[in-house]
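Take a look at the structure below.

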Amino acid sequence: MSHDTAQETLVEVTGIVRRLVPCPEHEQDPPGVQLERRNPNGYHHDCAACAAMTPTLEPLEA
Amino acid sequence: MAAAAFIINAGKQITAARHVGSTPSQPEPKFLQWGVGTSTALVTDTGLQSTTGTTEARTTGSISNVTGAQTGSKVQVTGTITALAALTIAEVVLMDTVGTGSPPTGGNCWAHASHGSTTLAIGESIAYTITADFTP
């Protein structure tokens with residue numbers, strides 16, 4: 001039997017963090033807004049300023 | 001906390017069981033769940049250190065074989081989890097069932113990884129890509 005530690009399974013985890021940019025109308029995204037009441041970008045769906053916002057993407061820290 | 005990722009010891013039986021049977025009884029380990037535990041992941045772990053305490057369901061990831069050193073020699077799972085509360089996420093697992101309850105429990109863990117503590121507001125998310133390379 002042989003065992004080469006270089007042959008161990010390598011597992012890699014990467015990620016993209018999707019962050020909500022503070023809405024100028026709300027100063028910050030209003031806390032506690034239910035997800036179902038958010039627009040597809042994650043912002044408060046009743047707010048026109050929120051609707052114009054898009055999240056930023058950043059890499060997950062290792 | 002340092003980044004670390006393993007197919008945990010208990011998860012190796014999942015890998016083995018997926019080989020057996022024309023329709024393996026072992027489900028795919030494609031269900032992502034995150035947690036708030038900040039210790040470095042170990043191969044001897046059995047799952048998350050700490051669940052978030054909120055109601056994020058396990059995400060059913062997209063699982064596929066991708067090419068590494070050999071054609072199709074990697075297993076890759078991708079999926080996104082969205083925060084239902086303000087959280088600091090530092091670990092993720094791949095489970096073999098969607099689980100039950102809030103936060104979900106049940107099933108067996110295949111892979112466990114720790115990563116940098118990531119503070120999220122409600123509605124923010126992490127799109128994970130977890131890749132196991134069987135022939136590095």
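This is a predicted model: local features need pLDDT of at least 70, side-chain atom pairs count only at pLDDT 80 or more; totals for chains, interfaces and linings use all residues.

The largest cavity has a volume of about 40 Å³. Its lining comes from chain B, with B:Gln33, B:Trp34, B:Thr51, B:Thr52, B:Thr54, B:Glu56, B:Ala57, B:Ile81, B:Pro103 and B:Pro104. Sort these residues by class, and the lining has five nonpolar, four polar and one charged.

Now turn to open space. The largest pocket has a volume of about 280 Å³. Among the residues that line this pocket are B:Ile14, B:Thr15, B:Arg18, B:His19, B:Trp110 and B:Phe134. Two elements of chain B, α1 (12–17) and β4 (62–66), each give at least two residues to the lining. The largest share belongs to β4(B), with three residues. By class, the pocket lining splits into six nonpolar, four polar and two charged residues.

Next, the cores. In soluble globular proteins, nonpolar side chains tend to be buried together. In this model, the largest nonpolar core has 24 residues. Which residues have the most contacts inside it? They are B:Leu32, B:Trp34, B:Trp110, B:Ile126 and B:Tyr128. Both chains take part: β1 (10–19) of chain A supplies at least two residues of this core. So much for chain A; on the side of chain B, β1 (4–7), β2 (31–35), β5 (74–82), β6 (87–95), β7 (109–120) and β8 (125–133) each do likewise. A second, separate core has seven residues, including A:Leu20, A:Tyr43, A:Cys47 and A:Cys50.

Finish with the cysteines. How many disulfides does the structure hold over all chains? The number is zero. Take A:Cys47, which is in no disulfide. Its nearest cysteine sulfur is that of A:Cys50, 3.7 Å away. Is A:Cys47 buried or exposed? A:Cys47 has a relative accessible area of 12%, and the cut-off for buried is under 20%, so A:Cys47 is buried. B:Cys109 has 4% relative accessibility, so B:Cys109 counts as buried as well.

Conventions. Residues are numbered from 1 along each chain as its sequence is written. Chains are lettered from A and ligands numbered from 1 in the order in which they are written. Side-chain values use heavy atoms; hydrogens and water are left out. On a 1 Å grid over the protein atoms alone, a cavity is a set of points where a 1.4 Å probe fits but cannot get out, and a pocket is an open set with protein on both sides within 12 Å along at least five of seven lines; lining residues have an atom within 4 Å of a point. Grid points are joined across faces, edges and corners, and a volume is the space filled by probe spheres set on the points. Ala, Val, Leu, Ile, Met, Phe, Trp, Tyr, Cys and Pro count as nonpolar, Asp, Glu, Lys and Arg as charged, and the others, Gly among them, as polar. A nonpolar core is a set of buried Ala, Val, Leu, Ile, Met, Phe, Trp, Tyr and Cys residues joined through side-chain atoms within 4.5 Å. Buried means under 20% relative accessible area, exposed over 50%, partly exposed in between (1.4 Å probe, protein chains only). Helices (H or I, at least four residues) and strands (E, at least two) are DSSP runs, numbered from the N terminus. A disulfide is a pair of cysteine sulfur atoms within 2.5 Å.
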